[in-house]
Amino acid sequence: MSVEIRPTPFQTQVLTVPEDHFMFLGGGRGGGKSMAVQFLILRHCDQYKNRARVLVTRRRLKSLGQFAEELRQLLRSAYGRDIAYNQNDAMFRLPNGATIQLTHVESASALSDVAQGMSYTLIACDEAGEGPSIEVIDQLGMSLRGHGTPLRMVLAGNPGGANHGALAERYVTGCEPWVPFEFEGNTWVYAPSRLDDNPHLPEAYRKN
């Protein structure tokens, strides 16, 4: 029996941004950014089926495993148990032909290995503030290729980390939330969230 999972108001607003707009999901910790990324992935795969090729990055293997488990629950709520996840290559294969590749990026070389010669229609970099360098993340954009689908990059990150200054300068400072702006040939949207935007957090997390 599948579990119904509904987006919060913040996540719903994220889903209203046009699909050809790149996004930076910023703001404070606990606002529901990672789950918003997962909703974007689910919609992309559901709409574009076998044309959808998704890449998800997180810096650490342990946190990537947590993301994979949360995503598995969301995918099962949509497709039941007819999804395949290969732990060896960290890839979801959906019944409609869509694929979701997950990779952790402790180093720049690890990220280059997974992107070299590959084509993706949606690239989501979670924990973007923590690394690798912003230049390496930029290189991922060269792997956005496809026909009949909007191509999109989504970055999500909490305050702090090695890339905090670069992300803030590019996507936050001088940018009005939810208002599209141009950066290096692409239309971006800064989508901030706060702790109060996530009603699902346990009380202990809020107190901390």
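Select D138 and R170: a salt bridge (side-chain nitrogen of Lys or Arg within 4 Å of a carboxyl oxygen of Asp or Glu) joins them, with the closest N and O atoms 2.7 Å apart. D138 sits in helix α5 and R170 in helix α6 (residues 164–171), so the pair ties together parts that are 32 residues apart in sequence. Helices (H or I, at least four residues) and strands (E, at least two) are DSSP runs, numbered from the N terminus. D138 is partly exposed at 32% relative accessible area; R170 is buried at 16%. Buried means under 20% relative accessible area, exposed over 50%, partly exposed in between (1.4 Å probe, protein chains only).

This is a predicted model: local features need pLDDT of at least 70, side-chain atom pairs count only at pLDDT 80 or more, and totals for chains, interfaces and linings use all residues. Residues are numbered from 1 along each chain as its sequence is written, and side-chain values use heavy atoms, with hydrogens and water left out.

Next, select R58 and D126. Their side chains form a salt bridge (2.9 Å, N to O). R58 lies in strand β2 and D126 in the loop between β6 (122–125) and α5 (134–140), so parts 68 residues apart in sequence are tied together. R58 is buried at 8% relative accessibility, and D126 is buried at 6%.

Now show R93 and D89, another salt bridge (3.3 Å, N to O). R93 is partly exposed at 37%, as is D89 at 29%.

Finish on helix α3, residues 61–79. Its buried residues include L64, F67, L71 and L75. The buried residues of α3 pack against α2, β2, β3, β4 and β5. Step on to G80, which follows α3 and has a positive phi, near 70 degrees.

Conventions: Expected span 1.5 Å × (residues − 1). Contact = heavy atoms within 4.5 Å.
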